[in-house]
Amino acid sequence: MEVRDVTIIGGGPAGLYTAFYSGVRGMNVRLIEAQSELGGKVRLYPEKVIWDVGGVPPVTGSDFCRQIIQQGLTFDPVVELDTTVVDIKKRDDDVFEITAEDGRTFFSKAVIAAAGGGIITPQRLQVDGAERFEITNLHYTVQSLNTFRDKTVLISGGGNAAIDWANMLEDVARKVILSCRNETLKAHESEVDKLLCSSIDCQFLTSIQRLIADESGTKIDRVELKCGTEAGKIIDIDHVLVNHGYERELGFLKETSLALGLTENQQIAATADGRTNVKGLYAAGDVMQHEGKLNLLAGAFQDAGNAVNAAKQYIDPSAQSKGKVSSHNEVFAARNAAIKRSIITT
Ligand SMILES: Cc1cc2nc3c(=O)[nH]c(=O)nc-3n(C[C@H](O)[C@H](O)[C@H](O)COP(=O)(O)OP(=O)(O)OC[C@H]3O[C@@H](n4cnc5c(N)ncnc54)[C@H](O)[C@@H]3O)c2cc1C
């Protein structure tokens, strides 16, 4: 039976930084991810420009993913992809037994849950026959801005993602129409202000009633927008982008043998430093809830550092409770030397 120091559940930003920082603190790691790729939710917005990670210049989601994956793999963790954790038990000898959906079990001295909101998939549009357009012009994420260049785009939704995309596409698309079923938009004030002052055509109190196909039957040509009891309004569009939130598959968060202490929203109720109800099991990133939790990438990194430090001390009570400044690990030596050389020669 191979017992790892730390098993991380979830290979999003929190899990990846946890893997890196566990390496810095000399612990060996298994990283378990339900999807076939690492990166977590950031995979949903590859072309969005991320501005709010301290010290990191504006970066696209896909570049950010590439960079955080590279960092997460620095200390060669064992990575299990396509592996959904469905249960965690703590045995009498205090070793954690982690069970995957495919029946495999993994063993670990400590566990760090970094499972975000679970395994998420975008909520589908509840309109007859919508699924047949998913291979043409009905989208749930923006994989490439070029798809929308000089096109008429209808965005359905009124939350952060919809508003973000509307603002982002304004310069790219010929026309952006936003259909929102409420009277107001629920997003960051600055983004809402920007949108309301823009050329984006906001259709409040409307929802998509019908998708009308072109002659080939494979592409949406027009959309019927319903407004209360009024007759539907038909509009011509090239693309429809739906941002109605996400469905969550909870895996081990739904039923676990441990009394994890979940909030109403199925997040782990933890302390700000990542401790949970269960000794030896810590939480990091969007999976955890505490007063002051920052559900951003920057917050995920802070959580990860805290959880790793707590796990280190749990495994080895003589270890320092806080990590040291981490620039002198032997794994960094070659790269440090190359950077120093380039500083000296420039
Ligand atoms: C559209 C959008 C735009 C955003 N823009 C920004 C932004 O500009 N700046 C910013 O700072 N933040 C932004 N965020 C928020 C940011 O993406 C999240 O805060 C961040 O991804 C949280 O990281 P995480 O690792 O905690 O969770 P996630 O990214 O959700 O990763 C969790 C991972 O755990 C895996 N997992 C879940 N359950 C299991 C299980 N049972 N077994 C195995 N694996 C499991 C999931 O598959 C997933 O890969 C945005 C979010 C969205 C949706």
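Student: What do the buried residues of α2 pack against?

Tutor: This is a predicted model. In it, the buried residues of α2 pack against α1, β3 (49-50) and β4 (59-60).

Student: Which residues of α2 are buried?

Tutor: Gly61, Phe64, Cys65, Ile68 and Gly72. Around the axis they cover an arc of only 100°, so they lie on the same side of α2.

Student: What span should helix α2 have, and how far apart are its end C-alpha atoms?

Tutor: Helix α2 covers residues 61-72, which is twelve residues. The expected span is 1.5 Å times one less than the number of residues. That gives 16 Å for α2, and its end C-alpha atoms are 16 Å apart, so the two agree.

Student: Why does Tyr45 count as buried?

Tutor: The cut-off for buried is 20 or more other C-beta atoms within 10 Å. Tyr45 has 21 C-beta neighbours inside 10 Å, so Tyr45 counts as buried.

Student: Where is Tyr45, and what is it in contact with?

Tutor: Tyr45 sits in the loop between β2 (29-32) and β3. Setting aside neighbours within four places in sequence, Tyr45 is in contact with Gly61, Thr141 and Val142. Gly61 is also one of the buried residues of α2.

Student: What makes Val85 count as buried?

Tutor: Again, 20 or more is the mark to reach. Val85 has 24 C-beta neighbours inside 10 Å, so Val85 counts as buried. Val85 is in strand β6 (residues 85-90). Residues up to four places away in sequence aside, Val85 touches Ile9, Ile32, Ile98, Ala100, Gly251 and Phe252.

Student: Which feature does UniProt place at Tyr45 and Val85?

Tutor: An unreviewed UniProt entry places the feature "binding site" there. The record also lists Glu33, Lys41, Ile120, Asp286 and Ser327 under that feature.

Student: How do you know that these positions are spread in space?

Tutor: Their C-alpha atoms are up to 35.2 Å apart.

Student: How many residues surround the ligand, and which are the closest?

Tutor: The ligand is surrounded by 38 residues. The closest are Gly12, Gly40, Gly116, Gly251 and Gly285. Gly251 is also among the residues that Val85 touches. Helices α1 (13-24) and α5 (297-315) each supply at least two residues of the shell.

Student: By class, what residues does the shell around the ligand have?

Tutor: The shell has 20 nonpolar, 13 polar and five charged residues. Gly counts as polar in this scheme.

Student: Which residues of helix α3 are buried, and what covers them?

Tutor: Helix α3 covers residues 160-170, and its buried residues are Ala161, Ala162, Ile163, Asp164, Trp165, Ala166 and Leu169. Their cover includes β11 (152-156), β12 (175-180), α4 (189-196) and β17 (239-242).

Student: What is the phi of Leu205?

Tutor: Leu205 has a positive phi of about 55°, and it is not a glycine. Most residues other than glycine have a negative phi. Leu205 is in the loop between β13 (201-204) and β14 (206-213). With 14 C-beta neighbours inside 10 Å, Leu205 falls between the two cut-offs, so it counts as partly exposed.

Student: Where does Gln266 lie, and what is its phi?

Tutor: Gln266 lies in the loop between β18 (246-249) and β19 (268-269). Its phi is near 60°, a positive value in a residue other than glycine. Gln266 has 15 C-beta neighbours inside 10 Å, so Gln266 counts as partly exposed.

Student: How many helices and strands does the protein have?

Tutor: Six helices and 21 strands. Of the 346 residues in the protein, 38% are buried.

Student: Which domain feature does UniProt place at residues 5-302?

Tutor: The unreviewed entry gives "domain: FAD/NAD(P)-binding". Over residues 5-302 the chain is 16% helix and 32% strand. The end C-alpha atoms of that stretch are 20 Å apart.

Notes. Residues are numbered from 1 along each chain as its sequence is written. This is a predicted model: local features need pLDDT of at least 70, side-chain atom pairs count only at pLDDT 80 or more; totals for chains, interfaces and linings use all residues. A residue is near a molecule or strand if its C-beta atom, placed from the backbone, lies within 6 Å of it. Helices (H or I, at least four residues) and strands (E, at least two) are DSSP runs, numbered from the N terminus. A residue is buried if 20 or more other C-beta atoms lie within 10 Å of its own, exposed if 12 or fewer, and partly exposed in between; C-beta atoms are placed from the backbone. The arc is that of the directions from the helix axis to the C-beta atoms. Two residues are in contact if their C-beta atoms, placed from the backbone, lie within 7 Å. UniProt positions are given in the numbering used here, feature names are shortened, and annotations may be inferred rather than shown by experiment.
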